[in-house]
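Subject: Structure handover

Hello,

Here is the structure I promised to pass on. Please open it alongside this note.

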Amino acid sequence: STPEDLGNRFRMSDKKAFEELYDTHSARLYGVIFKMVRDEAIAKDVLQESFIKIWKNASKYDPNKAKVFTWMYQIARNTALDKLRQMKVRTTREIQPEQSNVHNIGTQNVKPDQMDMPEQLNKLDEKYRTVVYALFYLGMTQQEASEHLDLPLGTLKTRLRIGMRELRNLFSELVILSFVIFDWLHSTL
């Protein structure tokens, strides 16, 4: 079938047309989403959410305004942007300047890309590494990480504290805190 025919069948809520569109375009849409969110699990979730929205809004697709892929791309892109905003809000909630002096540390001379942070994280015991990764790389709140890792919140906080202490043994305290701040600031831009 032609792309126009496929788009028209999809618009009429034809499940076979939807499956064909999924098979044809899901890999490309996943690639776009992954470039935006930079995390496999999150990208897969966003792709699934996107296709749910695409299916629910099939009747709104107008072939006179855009090709079906362009329309689907826009939905996937907007869903990914929504997820990034949601992650930014979570990260902002985690940082409480009145309880920390972290915001007073400068980052001008820190070059985290030259510090090879993933290699340093791999030197930690897995139980500490998974906690640090969930909080700082996946942007989870402590409560979300506790649920995701199936750990009591107190255990998670203890492992975070030990993990950060171990990292400080690898770097000076200023460097590691600056890296965390730099990474957080970079992810919120």
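This is a predicted model: local features need pLDDT of at least 70, side-chain atom pairs count only at pLDDT 80 or more; totals for chains, interfaces and linings use all residues.

**Helices H1 and H2**

The axes of H1 and H2 come within 7 Å. They cross at roughly 125°. The crossing of H1 and H2 is left-handed. From H1, the contact uses Leu6, Arg9 and Phe10. From H2, it uses Lys16, Ala17, Phe18, Glu20 and Leu21. By class, that gives 5 nonpolar and 3 charged residues, with no polar ones.

**Helices H2 and H3**

H2 covers residues 15–37 and H3 covers residues 40–56. Their axes lie 9 Å apart, at an angle of about 140°. The H2 side of the contact includes Phe18, Tyr22, Leu29 and Ile33. The H3 side includes Val46, Leu47, Phe51 and Trp55. The residues of this contact divide into 14 nonpolar, 2 polar and 3 charged.

**The cores**

In general, nonpolar side chains tend to be buried together in soluble globular proteins. The largest nonpolar core here has 24 residues. Those with the most contacts inside it are Phe10, Leu29, Ile33, Phe51, Ile54, Trp71 and Met72. H1 (3–11), H2, H3 and H4 (68–94) each supply at least two residues of this core. H4 gives the largest share, 8 residues. Leaving out residues up to four places away in sequence, Phe51 touches Phe18, Tyr22, Ser26, Leu29 and Met72.

**Two backbone points**

Most residues other than glycine have a negative phi. Which residues have a positive phi of about 55° without being a glycine? One is Arg38. Arg38 sits in the loop between H2 and H3. Arg38 is exposed, because its relative accessible area of 62% is over 50%. Another is Asp150, also with a positive phi of about 55°. Asp150 lies in the loop between H8 (142–148) and H9 (153–170). Asp150 is exposed as well, with a relative accessible area of 68%.

Best wishes

Notes. Residues are numbered from 1 along each chain as its sequence is written. Side-chain values use heavy atoms; hydrogens and water are left out. Axes are lines fitted to C-alpha atoms, for helices over the stretch in contact, and angles run from 0 to 180 degrees between N-to-C directions. Helices (H or I, at least four residues) and strands (E, at least two) are DSSP runs, numbered from the N terminus. Contact means heavy atoms within 4.5 Å. Ala, Val, Leu, Ile, Met, Phe, Trp, Tyr, Cys and Pro count as nonpolar, Asp, Glu, Lys and Arg as charged, and the others, Gly among them, as polar. A nonpolar core is a set of buried Ala, Val, Leu, Ile, Met, Phe, Trp, Tyr and Cys residues joined through side-chain atoms within 4.5 Å. Buried means under 20% relative accessible area, exposed over 50%, partly exposed in between (1.4 Å probe, protein chains only). A crossing is left-handed if the near helix is turned anticlockwise from the far one by less than a right angle, and right-handed if clockwise.
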